[in-house]
Amino acid sequence: MKLISTNEAKCRDCYKCIRSCPVKSICIKSGHSKAQLYAKVIEESCIQDGLCTTVCPQKAKVVVNHVDDVKQLLFENVVPVLASVAPSFPAMLPLSNPAVFPSLLKQLGFSHIGQTSVGAELICDEHRRVSPRGPLISSACPVVVNLVERHYPHLIPYLSPLVSPMVAHGRLLKSQFPGSAVVFIGPCIAKKGEALGGAVDYVLGFKEVWEWIGQEKIDVNKFSPSKFDGYQPGPARLFPIEGGQLRATSLSTDLTDKEVQTVTGISNCIKLFENFATAVPSRRPLFMELMACNGGCLGGPYGVSDKDIYAKKTVLLDYYSLQDTGTRDSMPQPPLPAADLYRSYLDRKAVVPQPTEEQIKAILALTDKFSPGDELNCGACGFNSCREKAVAVFQGNAESQMCIPYMRKRAESISNLVLRALPDGVIIFDEDLIIQEINLAAKKMFDCTRQVIGEKIDVLVNPSEFARVFQEMKTIKVDASKLFNGKITRQILFPLENSAVAIFTDITNELKQQEELLLVKTETIDRAQEVIKKQMTVAQVIAGLLGETTAETKVQLSRLIKLMKD
């Protein structure tokens with residue numbers, strides 16, 4: 001199942017996910033309607049940082065959710081279900097006392113609540129024992145590992161050969177509780193794709209667990225603080241913050257020390273990788289603590305707390321200080337075979353076709369970019385440059401119509417074509433009744449022989465009704481209005497943002513035809529009345545003979561008159 005998928009119905013092709021994706025691992029595809037586009041994650045190059053899920057305004061990005069699977073495990077009660085909780089939890093959950101979290105997990109049904117930082121401590125101990133030659137890139141962050149394997153595979157030799165704390169702790173729990181199921185709970189989406197050799201069965205985000213607690217209607221205020229089960233680690237609980245791994249590994253935490261480097265934020269990690277090859281070997285740090293999220297794991301996408309990074313760091317340090325003042329027991333650190341702490345890496349960089357210069361130019365030409373000066377590189381489409389988008393179009397990951405300036409220009413062009421082709425006159429004017437636009441039909445209707453754009457509308461027509469549009473902010477209809485040149489028009493006026501539109505229909509000929517028809521009706525009626533008068537005169541003379549006939553004639557002629565009037 002895909003880690004991150006897109007709800008096509010919700011996606012509005014705003015390209016915000018492309019703009020946020022540091023490796024542009026989002027492609028734009030046509031939905032059921034060819035006119036409707038939607039964003040889709042490119043699995044082969046995705047580094048699973050989850051930024052696209054947090055920035056999507058429509059919440060169209062869907063992360064695979066295993067809460068129901070974990071609930072089923074707990075319901076079946078066939079195997080013990082163990083929790084491995086990331087050390088960032090105190091700062092990532094809206095709990096007044098973070099120490100109640102183990103109690104909440106016990107309430108949900110977990111039989112053992114352990115700390116992932118136990119695995120972090122095992123990793124740090126192994127680092128100290130082996131003392132590998134630098135430079136070395138930390139492998140604790142799965143996003144950083146994905147970034148190296150999928151985009152900078154030439155840096156694989158510099159990745160630490162050790163597994164992440166999550167995997168180390170998962171393997172430890174599996175060795176301690178054979179046949180158990182391990183569920184990691186943390187702030188990271190990429191952890192869902194990091195299951196190595198079945199060390200962890202399921203990964204849940206803090207946000208998912210918090211929603212689960214809400215669904216169960218658990219009152220968090222009724223629970224008392226409790227300790228985690230098993231071994232209580234020390235400085236390894238500071239892994240989520242900048243410099244935390246350095247301290248736990250007993251390396252220098254001096255920010256001016258050239259031997260170590262701490263980098264957080266995926267864009268900063270990318271810059272380091274891009275400059276790594278050209279850097280003088282002797283100037284490279286021996287150990288690089290890299291974390292993809294800004295501020296370390298405290299900036300993870302699966303947190304619940306709305307505090308800023310600095311407030312979260314304070315909460316974490318306060319919790320660490322409280323737990324480290326005589327509360328740790330003397331339980332020895334559990335052992336784990338050294339072989340379970342090591343891993344290998346693969347070159348997973350996707351091989352994609354690259355366009356020639358001529359092909360790039362042809363794609364750029366589709367959006368009226370024929371020279372470098374036409375390339376705005378505005379980034380509205382989500383890509384860093386027009387050429388980068390052209391390459392994506394060639395590779396089938398973008399559509400040419402994603403160019404916002406071009407589509408706007410095209411829309412305006414089509415609007416102008418429609419405006420010019422309309423048989424009715426159209427005038428667009430602003431709140432000051434200044435003419436902003438006038439089409440050809442209107443110019444002919446008003447007998448315009450000069451440029452009137454920029455002038456008051458009263459040069460063409462009585463402005464009283466036009467001012468009323470802005471006063472009432474509603475559509476106004478005028479059945480008949482006489483222009484200065486004598487033409488009669490039917491008018492429709494309506495507001496449009498800070499402007500208004502007037503549509504004029506020339507009804508001069510229509511009214512003339514109505515007058516002619518009325519004249520015919522009047523003449524017909526007059527002649528019918530003359531016939532009646534003559535018939536009545538004759539009737540008086542020969543009333544005895546034709547009385548009955550005259551009456552019938554009068555009835556028929558009266559009907560004729562009524563019919564003509566109708």
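1. Basis. The model is predicted, with local features requiring pLDDT of at least 70 and side-chain atom pairs counted only at pLDDT 80 or more, while totals for chains, interfaces and linings use all residues. Residues are numbered from 1 along each chain as its sequence is written, and side-chain values use heavy atoms, with hydrogens and water left out.

2. Main core. The largest nonpolar core holds 59 residues, and those with the most contacts inside it are I18, I26, L147, F273, L290 and M402. A nonpolar core here is a set of buried Ala, Val, Leu, Ile, Met, Phe, Trp, Tyr and Cys residues joined through side-chain atoms within 4.5 Å. Buried means under 20% relative accessible area, exposed over 50%, and partly exposed in between, with a 1.4 Å probe and protein chains only. Elements that each supply at least two residues of this core include α1 (16-20), β2 (26-30), β3 (37-41), α7 and α11. The largest share, 6 residues, comes from α11. Helices (H or I, at least four residues) and strands (E, at least two) are DSSP runs numbered from the N terminus.

3. Leaving aside neighbours within four places in sequence, F273 is in contact (heavy atoms within 4.5 Å) with I137, V144, L147, V148, Y152, L155 and L290.

4. Strands β2 and β3. These two pair in the antiparallel sense over 5 bridges; strands pair if DSSP finds at least two bridges between them. The bridge partner of K29 is Y38, in β3. Of the 5 residues of β3, 4 are buried, so this strand is largely enclosed by the rest of the structure.

5. Aromatic pairs. Rings of Phe, Tyr and Trp (its six-membered ring) pair if their centres lie within 6.5 Å; planes under 30 degrees apart count as stacked, over 60 as edge-to-face and the rest as tilted. The count by this rule is 11 aromatic pairs. One of them joins Y158 and F276 edge-to-face, at 4.9 Å centre to centre and 65° between the planes. This pair links distant parts of the chain, 118 residues apart: Y158 is in the loop between α7 (142-151) and α8 (165-176), and F276 is in helix α11 (residues 266-276). Y158 is partly exposed at 23% relative accessibility, whereas F276 is buried at 4%. Elsewhere, ring pairs link F89, F101, F206, F228 and Y319 into a cluster.

6. Charges over rings. A charge sits over a ring if NZ of Lys or CZ of Arg is within 6 Å of the ring centre and within 35 degrees of the ring normal. R284 lies over the face of F276, 4.4 Å from the ring centre. K191 has its charged end over the ring of F184, 5.9 Å from the centre.

7. Q491. This residue is in strand β15 (residues 488-496) and is buried, with a relative accessible area of 3%. Leaving aside neighbours within four places in sequence, its contacts include V461, F466, K477 and F504.

8. Positive phi. K59 has a phi near 55°, positive in a residue other than glycine; K59 is in the loop between α2 (51-55) and β4 (61-63) and is exposed, at 55% relative accessibility. D368 has a phi near 60°, lies in the loop between α13 and α14, and is partly exposed at 35%.
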